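Trainee: I'm new to this one. Please pick a single part, look at it closely, and then show me a few other details.

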Amino acid sequence: MSRSVRTRPEGSGRGLSEAYDTALLDLDGVVYAGGKAIAHAVDSLTTAHAGGMRLAYVTNNALRTPDAVAEHLTELGIPTGAADVITSAQAVARLIAEQVPSGARVLVIGGDGLRVALRERGLEPVESAEDDPAAVVQGFGGPELPWGRFAEACYAISRGVPWYASNTDLTIPGARGIAPGNGAAVEVVRIATGADPQVAGKPLPPMHRETILRTGAQRPLVVGDRLDTDIEGAFNGEVDSLLVLTGVTDGAQLLAAPPRHRPTYVDADLRGLLTGQPGVTGEGDGSGGFRCGGWKATAGEERLELEGDGAALDGLRALCAAAWTVGREAGCELDSGKALARLGL
């Protein structure tokens, strides 16, 4: 993928699992939510893997170890080894190891995933600011993370200890809805200290580098549910991406996406890996709008217009082209509410 501005979702005459050698899959909101498999995820991934596509799971969630994640996926019906799981804990541990002496102590604000990743890099996890840490690392610790852990981070950072964060996702999808993520916890420490952490996770380069080093992917496809992490990470890494609508991103957010947040492909769920992707036609010159399937989308002065019928996703793809092309040129965000309501999105 080039870094040129994307103005419409692309089409593919082949199934994506045939066109790409490795799927770099986000977990929360893509494969599972609240620990339970998302509809069609297990069957779709099983079929894609049987057809020759490698599956690698790339998560900003630093709470669990790769072994624990692999065990969970296997229990869901997706046989997985720890080597197929890449976490932001691993990415941030490598980043820290490149900047502090070997064997240095690191104050951990988070879960076992961070501790295991630090030991893998020859660093010593510690629990207190009084343990003379060379760095502070913060990752998602789950809802039971004690408030006092944030205080330990603040004590050390206020003394000048470098601060690192596995990721800054503000939210995380769960079985009951959207909950605060590590980014919300990072903001607590940022407000208290006035400092800024070095961040490793998606969408930043350390996470992409960790992923490529561990998978050796030649033709990767990033698969995610978040525009600001998964899709932007693919943009930064100059690789293609598939957005699935099973997590935090809805139709309105997709239509309003700036260039760095625009996916190569859009589909409802992981079944999109197994199929070709319909293309969008039209030039947006005011005469015919943009067409996909049985839908035609045009951009009026204030809103996006949609006519026709057919698969809702085809309508959404056509609307993306109208919004990303005409709306961008007009320098405004067009009202998409009526058009999306017609699609049931």
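Mentor: Helices (H or I, at least four residues) and strands (E, at least two) are DSSP runs, numbered from the N terminus. With that in hand, go to Pro 203, which sits in the loop between strand E12 (198-199) and H8. This is a predicted model, where local features need pLDDT of at least 70, side-chain atom pairs count only at pLDDT 80 or more, and totals for chains, interfaces and linings use all residues. Residues are numbered from 1 along each chain as its sequence is written, and side-chain values use heavy atoms, with hydrogens and water left out.

Now follow the chain into helix H8 (residues 205-215), whose axis comes within 9 Å of the axis of helix H4 (residues 88-97), crossing at roughly 105 degrees. Axes here are lines fitted to C-alpha atoms, for helices over the stretch in contact, and angles run from 0 to 180 degrees between N-to-C directions. That makes H4 roughly perpendicular to H8 (65 to 115 degrees counts as that).

Who touches whom? On the H4 side you'll find Ser 88, Gln 90, Ala 91 and Arg 94, and in H8 they meet Pro 206, Met 207, Arg 209, Glu 210, Leu 213 and Arg 214 (contact means heavy atoms within 4.5 Å). The residues of this contact split into four nonpolar, two polar and four charged; Ala, Val, Leu, Ile, Met, Phe, Trp, Tyr, Cys and Pro count as nonpolar, Asp, Glu, Lys and Arg as charged, and the others, Gly among them, as polar.

Now for those other details. His 40, in the loop between strand E3 (36-37) and helix H2 (41-50), has a positive phi, near 75 degrees, though His 40 isn't a glycine. A search of the whole structure also turns up two aromatic pairs (rings of Phe, Tyr and Trp, its six-membered ring, with centres within 6.5 Å; planes under 30 degrees apart are stacked, over 60 edge-to-face, the rest tilted). One of them is Tyr 20 with Tyr 265: ring centres 6.3 Å apart and planes at 75 degrees, so edge-to-face.

Methods: Parallel < 35°, antiparallel > 145°, perpendicular 65-115°, else oblique.
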